Amino acid sequence: MLRSIAVLIIACPCAMGLATPTAVMVGTSQAALRGILFKSGAALEAVGKVTHVLLDKTGTITRGEPELQALHTAAGKSEEDLLRMAASVEVHSEHPLGAAIVRAAEARGIQLEAAEDILNLPGSGISARIQGGRMLVGTPDFLEREGVDLSGLETAVQEMRQSALTVVAVGRDDAAIGVMGLADGIKPEAAGAILALKKMNLDVGMITGDNLGTALAIARQAGLEPDDAGEHVFADVLPGGKADVVRSRQSEGAVVAMVGDGINDAPALAQADTRIALGTGTAVALAAAPVSLLGGDLRGIPEAIALSRRTMRTIRQNLFWALFYNVLLIPAAAFGILTPMMAAAAMAASSLIVVSNSLRLRRWSMQFGERGV
C-alpha cells in the first residue's frame with residue numbers, strides 16, 4: 001500500500017504540465033516589456049525557427065517620412081506646375097511619397113486642382129483626370145508603359161537614382177511634366193539591427209519597389225554589404241511580387257520571416273512562415289502578422305528571435321527534467337526506496353525546479369543598446 005501511494009504521488013504530472021506554459025508566460029511577458037507582442041504561444045515558437053529575414057524598405061528600414069529633395073521639369077514647364085499637378089493627384093493617395101509631395105506643395109503655398117476618376121495602382125503610381133486631361137504620377141517605368149514620353153529627362157532620373165533618391169515622374173496625357181527626387185532617411189537603429197541578425201547567422205534581405213540603383217544605395221546605408229546586396233536586395237518588386245519573393249525563398253527550404261508595415265506588404269506577410277508587423281504600420285499589416293513591434297523599432301526583430309530561441313530551450317530543459325524525474329523516481333517508489341512523504345517532497349521539488357527554471361527568463365537580456373534590461 002505504501003509503495004502504491006508513493007508511486008501515485010511521484011507519477012503526478014505536475015512538472016510536465018508546468019513545463020511549457022510557465023516558460024511561454026514568462027517569455028511573452030519579457031517580450032512585452034521590450035515592445036514585442038506575440039499573439040500566441042505558437043507565434044513565439046515559430047519566430048525561433050527563422051532562417052531568412054526579409055525586410056520591406058519604405059517605412060520599415062527607412063523612416064517612412066520621405067522629403068522632396070530635387071525637381072527637374074520638362075521643357076516649357078515650371079516647378080510650380082510640376083508640384084501643382086503632382087500634389088493634386090497625390091492628395092488622394094495614402095503612400096508616404098504622395099504625402100511628401102503634398103507637404104512640399106503646401107509649404108510653397110501652391111493651390112491644388114480638383115481631380116476626378118482617381119485610380120491607385122499599387123507599386124506603380126496613381127492616375128486621375130484634371131481639367132479634362134489624364135494625369136499620371138508614379139515610377140518612370142509606369143509612365144513609359146502608359147505612353148508618356150520621358151525623353152530629355154533620362155539624365156535627371158539617372159542622377160537622382162545615383163544619389164539614392166526615389167524618382168517620381170509626372171505626365172499629362174502623353175507628355176512629361178517633370179520628375180521629382182525624394183529621400184527617405186534610414187532609421188537610426190536599422191544598421192545595428194541588421195548586424196545583430198547577421199551575427200545570429202540569419203540571411204537578411206530587402207524588398208522594395210524602387211529601382212535597383214536606389215535600392216542598392218539604401219541597402220549599403222542599412223548595413224547590407226555590396227556583396228550581399230547583389231543577391232539579397234530585391235528591387236522593382238510590385239506588391240504582389242513581394243509574396244513571390246517569399247515563396248521563392250521557401251522553395252529553397254528557407255524558413256522566412258517577413259517584416260513590413262503597409263497595405264502593400266500584406267500579401268507577403270500572409271505568405272511568410274513568420275510574420276512581423278511594425279506597430280506604426282497599417283491595420284491590414286498588423287492583422288496579417290502574429291508578431292508586432294510597438295513603435296517600429298527594428299531592434300525588436302533580433303530580440304524576438306533570440307528570446308524565442310531562449311524560451312524554447314527553457315521548455316526543452318523543463319520537459320527533460322520532468323521526464324527524468326518520473327523515469328528515475330517511479331521505479332524507486334515501486335521498490336520501496338521512497339516513502340510517500342519523500343515522494344511528496346520530491347514531487348513538490350520537481351515543480352519548483354521547473355517554475356524556477358522558467359523564471360530565469362526574467363533575467364534574460366540581449367544587451368542590445370538601450371533596450372537591454
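Mentor: Contact means heavy atoms within 4.5 Å. Leaving aside neighbours within four places in sequence, L68 is in contact with L83, A104, M180, G181 and L182. L68 and L182 are 114 residues apart in sequence, yet 4.5 Å apart in space, C-alpha to C-alpha. Please note that this is a predicted model, in which local features need pLDDT of at least 70 and side-chain atom pairs count only at pLDDT 80 or more, while totals for chains, interfaces and linings use all residues. Residues are numbered from 1 along each chain as its sequence is written, and side-chain values use heavy atoms, with hydrogens and water left out.

Trainee: In which strand is the place of L68?

Mentor: Strands (E, at least two residues) and helices (H or I, at least four) are DSSP runs, numbered from the N terminus. L68 is in strand β3.

Trainee: What is the order of the strands in the open sheet?

Mentor: Two strands pair if DSSP finds at least two bridges between them. Here the open sheet of 6 strands has the order β3-β8-β7-β6-β5-β4, with antiparallel pairing. β3 (67–73) and β4 (116–121) stand at the edges with a single partner strand each, so one side of each is left without a neighbour in the sheet. Within the sheet, β7 (residues 166–172) and β8 (residues 175–183) pair in the antiparallel sense over 7 bridges.

Trainee: How is the angle between two helices read, for example between α2 and α16?

Mentor: Axes are lines fitted to C-alpha atoms, for helices over the stretch in contact, and angles run from 0 to 180 degrees between N-to-C directions. Helix α2 (residues 14–33) packs with helix α16 (residues 340–359) at about 15°, their axes being 8 Å apart. That makes α2 roughly parallel to α16, a term for angles under 35 degrees. Residues of α2 in this packing include A15, L18 and T22, which meet a group in α16 that includes M347, S351 and V355.

Trainee: Which residues touch the most other members of the largest nonpolar core?

Mentor: A nonpolar core is a set of buried (under 20% relative accessible area, 1.4 Å probe, protein chains only) Ala, Val, Leu, Ile, Met, Phe, Trp, Tyr and Cys residues joined through side-chain atoms within 4.5 Å. Of the 39 residues in the largest one, F38, V53, L55, M206, I301 and I305 touch the most other members. Helix α15 (residues 300–334) gives the most to this core, with 5 residues. A second, separate core of 24 residues includes L82, A87, A100 and I101.

Key. Buried means under 20% relative accessible area, exposed over 50%, partly exposed in between (1.4 Å probe, protein chains only). Angles under 35 degrees count as roughly parallel, over 145 as roughly antiparallel, 65 to 115 as roughly perpendicular and the rest as oblique.
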